[in-house]
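Student: I should like to learn how to read the features of a protein model. May we go through this one together?

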Amino acid sequence: MKSGISTHLEFAVVLIEAVLLVGFAIPLWAKRVNSFPEDKDAIVVHVVGQQFNWNYHMPGPDGVFGRRDVALVSNSNPLGLDAADPAAQDDITAGGELHVLKDRPVIIELSSKDVIHNFALPHMRSAQDAIPGQIIPMWFKPIKTGTFEVVCGQLCGLGHYSMRGSVVVDEPAEYQAWLKERAELSKVAPAPAAADRPPGEPPVGPDAGTIAPPGAPKTANPSGEPEAKPGEPPKAPSPAATPH
């Protein structure tokens, strides 16, 4: 025979858990994820995930993010920053490692270039999915200095194991030194025109040592010697063409 006391105890436990969940846990969690600090009081960072790396983008002293264009994305410009935009000239970019300031809120605006990633900061008890085509915010406030691991919480491909990064929490002096260093390294060079070739590479055309583009007219034989027909051995140069 079942005891009435046991039934009442089970009912009381369920009721208390429901009150804690609905009355306290859910409202507190909603306040935590929906109530963001003011931008003027926080460090705002654009974080873009890709297979298999994290890219960080911060505004410079002007506080304005420069324009990004997917058509400008390259190995040297993974975020596609537009060098023609004045606001992009002082922007700060970094890959893999992000520095932030102790006791100052950090607002992360997440996006992805390819598949779904997850920007997870276990030490900050914070994580958020990065979804292509969307910008999703998250925030945290570091309270102690140190280097903390960033992991990807989604299985994002064969190189998922290498999808790691770090967040370094600095004191003001170290943080300003990092900003200065990254500002020098992050200067965006103007994008070359479509017809331009990389520096040091000879131009396409009839000059010696280059290959003419498909459909270009054939150039005259500079040596003046008759060309060998298909299947015939090459002819020896005439004495006049033999160097002395």
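Student: What covers the buried residues of α2?

Tutor: In this predicted model, the cover over the buried residues of α2 includes β1 (43-50), β2 (53-58), β3 (92-95), β4 and β10. The buried residues themselves are Tyr 175, Trp 178, Leu 179 and Arg 182. They span an arc of only 105 degrees around the axis, which places them on the same side of α2.

Student: Why can residues that are apart in sequence point the same way in a helix?

Tutor: An α-helix has 3.6 residues a turn, so residues three or four places apart point the same way. In this structure, the face of α2 turned away from its buried side carries Ala 173, Lys 180 and Glu 184, which are exposed.

Student: Which strands does helix α2 lie across?

Tutor: Helix α2, residues 172-185, lies across β4 and β10 (164-170). Its direction makes an angle of about 135 degrees with β4.

Student: How is the span of α2 to be judged?

Tutor: One compares an expected span with the distance between the end C-alpha atoms. At 1.5 Å a residue, the 14 residues of α2 should span 20 Å, and the end C-alpha atoms are 20 Å apart, so the two agree.

Student: Is Glu 181 buried, partly exposed or exposed?

Tutor: Glu 181, which has its place in helix α2, is partly exposed, with a relative accessible area of 47%. Glu 181 also shows how sequence and space can be set side by side: Glu 181 and Ile 92 are 89 residues apart in sequence, and their C-alpha atoms are 9.5 Å apart in space.

Student: Let us turn to the strands. What is the strand order in the open sheet of five strands?

Tutor: The order is β4-β10-β9-β6-β7, and the pairing is mixed. β4 (97-101) and β7 (126-130) stand at the edges; each has a single partner strand, so one side of each is left without a neighbour in the sheet. Neighbouring strands of this sheet are turned against each other by 25 degrees on average, direction ignored.

Student: How many bridges join β6 to β7, and how do these strands run?

Tutor: Strand β6, residues 117-121, is joined to β7 by five bridges, and the two run antiparallel. Leu 121, for example, has Ser 126 in β7 as its bridge partner.

Student: Is Ser 126 buried or exposed?

Tutor: Ser 126 is buried, with a relative accessible area of 12%. Apart from neighbours within four places in sequence, Ser 126 is in contact with Phe 119, Ala 120, Leu 121, Met 138 and Trp 139.

Student: Which strands are joined to β1 by bridges?

Tutor: Seven bridges join β1 to β5, and these two run parallel; Val 44 stands opposite Ile 107 in β5. Five bridges join β1 to β2, and these run antiparallel; Val 47 has Tyr 56 in β2 as its bridge partner. A hairpin through two residues joins β1 to β2.

Student: Where is there a cis peptide bond?

Tutor: A cis peptide bond joins Gln 51 and Phe 52, with omega at about 5 degrees. Phe 52 lies in the loop between β1 and β2.

Student: Which residues have a positive phi without being glycine?

Tutor: Among them are Asp 103, with a phi of about 65 degrees, and Arg 125, with a phi near 55 degrees. Asp 103 lies in the loop between β4 and β5 (106-112) and is partly exposed, with a relative accessible area of 43%. Arg 125 is found in the loop between β6 and β7 and is exposed, with a relative accessible area of 74%.

Student: Where does pLDDT stay under 50?

Tutor: Where pLDDT is low, the predicted coordinates should not be read in detail. In this model, pLDDT stays under 50 over residues 207-211, for which there are five contacts beyond four places in sequence. The protein averages a pLDDT of 80, and 75% of the residues score at least 70.

Conventions
Residues numbered from 1 in each chain as written. Predicted model: local features only at pLDDT ≥ 70, side-chain atom pairs only at ≥ 80, totals over all residues. Heavy atoms only, no water. pLDDT = per-residue confidence, 0-100. Contact = heavy atoms within 4.5 Å. Pairing = 2+ DSSP bridges. Helix = DSSP H or I, 4+ residues; strand = E, 2+ residues; numbered from the N terminus. Axes fitted to C-alpha atoms, helices over the stretch in contact; angles between N-to-C directions. Buried < 20%, exposed > 50% of the residue type's maximum accessible area, 1.4 Å probe, protein only. Expected span 1.5 Å × (residues − 1). Arc of directions from axis to C-beta.
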